[in-house]
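Hello,

Here is the structure we talked about handing over. Please look through it first; my notes come after it.

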Amino acid sequence: MLLSITLFLLAAAVIYFACEFFVNGVEWMGHRFQLGATATGTVLAAFGTALPESAVTFMAVVFGNTPEQKDIGVGAAMGGPLVLATLAYAVVGFALLRGKTAAGTPRTASGVINADQRRLARDQAWFMGIFIVKVAVGLIAFVWKPWLAILFLGVYALYVKRELAHDDECIDAEALEPLKLRPRDPDPSLFWACMQAVLALVVIGLASHVFVRQIEVLGVAMGMSPHLAALLLAPVATELPEIMNALIWVRQGKERLALANISGAMMIQATIPSALGIAMTPWLLDAPLIAAGLLTLASIMVLWLRFRNATMTIPALSSVAGLYAVFAAYLGWHYYT
């Protein structure tokens, strides 16, 4: 038990510091590719940090030898979006309450969020559309269901094309911190930026694997069933890189990047892991997974309405964490009554 707690804390610390290197490298990559802050967050950063949880689904559905092992992959594909739509956005809200603006001035509880809210609303609308299809497909069985995996991959490709086509102003090199691998180089090359980001991702992936294993062990030690621990705790662990990135960018006064990273990661979670699950498993959702889907949609509806009207406030962003608490209460009732 003591060893698991030690490994749990150590892995979390390693993930945080590796994310410091990752976000720094990704910002320089965005500058080199002449991308704006939103596209850098939704495409580059999101794709990188989504690799660990996508790998969980891939390993479970492709190499799983039993239905229970494949169910872990389906659970990850449904649990990840719920965590992003509730806890990840809420973490940004809570961090903004305690943070400062990019100019260094303290925020107020009702302060304006510095982000392209209408563009974020479009991301939520894309996610809602594909996620509704994803849940609906999990309610019925039909022979040609695996072929729908191509549709999900195509939607993500179309999303990336749209993000790059409607990109905003390029990231200014003067606003960036020096590249950590080349701190004395005022204009590091794309090679060094990519090298730093890739090395950080490898560390994040390894540390995330350790973190997931320890959180499952600790969950069982606290009396949770393995299935409950996998549904409730494992998705939180696999989405930790996105949450860490958001905390780092908010601390730097760059909430545009923080929110774009979560928004882009949600699109990946709605498409790529889903495509793997639909292609490799029967993709039939049980009651807890349906509940996860419905609560995810409820959170996205709230976010979409607020972002669409450009009225998102810090308290409203923080409040979506309550929906994850509802999910936790439902799982406790479902498994222990």
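Predicted model: local features only at pLDDT ≥ 70, side-chain atom pairs only at ≥ 80, totals over all residues.

Overall make-up

The protein chain contains 14 helices and 0 strands. Of the 337 residues in the protein chain, 53% are buried.

The helices at either end of the list

Helix H1 covers residues 2–32, which is 31 residues. From its first C-alpha to its last, H1 reaches 45 Å, close to the 45 Å expected at 1.5 Å a residue. Glutamine 34 follows H1 and has a positive phi, near 60°.

Helix H14 runs over residues 321–336 and has 16 residues. Its reach from first C-alpha to last is 23 Å, close to the 22 Å expected at 1.5 Å a residue. Which residues of H14 are buried? They are Ala321, Tyr324, Phe327 and Leu331.

Most residues other than glycine have a negative phi.

- Tryptophan 283 is not a glycine, yet its phi is positive, at about 50°. Tryptophan 283 sits in the loop between helix H11 (255–280) and helix H12 (287–308). With a relative accessible area of 1%, tryptophan 283 is buried.
- Alanine 310 also is not a glycine and has a positive phi, of about 55°. Its place is the loop between H12 and helix H13 (314–319). Alanine 310 is partly exposed, the relative accessible area being 41%.

Cysteines

How many disulfides does the structure hold? The count is 0. A disulfide is a covalent bond between the sulfur atoms of two cysteines. As for individual cysteines, cysteine 19 is buried, with a relative accessible area of 0%. Cysteine 194 is partly exposed, with a relative accessible area of 25%.

A contact across the sequence

Valine 160 belongs to helix H6, residues 148–165. Its relative accessibility is 17%, so valine 160 counts as buried, the cut-off being under 20%. In sequence, valine 160 and valine 43 are 117 residues apart, while in space their C-alpha atoms are 6.7 Å apart.

Cavities

There are 2 cavities of 30 Å³ or more in the structure. The largest cavity has a volume of about 40 Å³. Which residues line the largest cavity? The lining consists of Glu20, Val23, Asn24 and Glu27, together with Glu177, Lys180, Gln252 and Lys254. By type, the lining of the largest cavity divides into 5 charged residues, 2 polar and 1 nonpolar.

Regards

Conventions: Residues numbered from 1 in each chain as written. Heavy atoms only, no water. Helix = DSSP H or I, 4+ residues; strand = E, 2+ residues; numbered from the N terminus. Expected span 1.5 Å × (residues − 1). Buried < 20%, exposed > 50% of the residue type's maximum accessible area, 1.4 Å probe, protein only. Disulfide = S-S within 2.5 Å. 1 Å grid on protein atoms, 1.4 Å probe; cavity = no way out; pocket = protein on both sides within 12 Å on 5 of 7 lines; lining within 4 Å. Points joined across faces, edges and corners; volume = space filled by probe spheres on them. Nonpolar A, V, L, I, M, F, W, Y, C, P; charged D, E, K, R; others polar.
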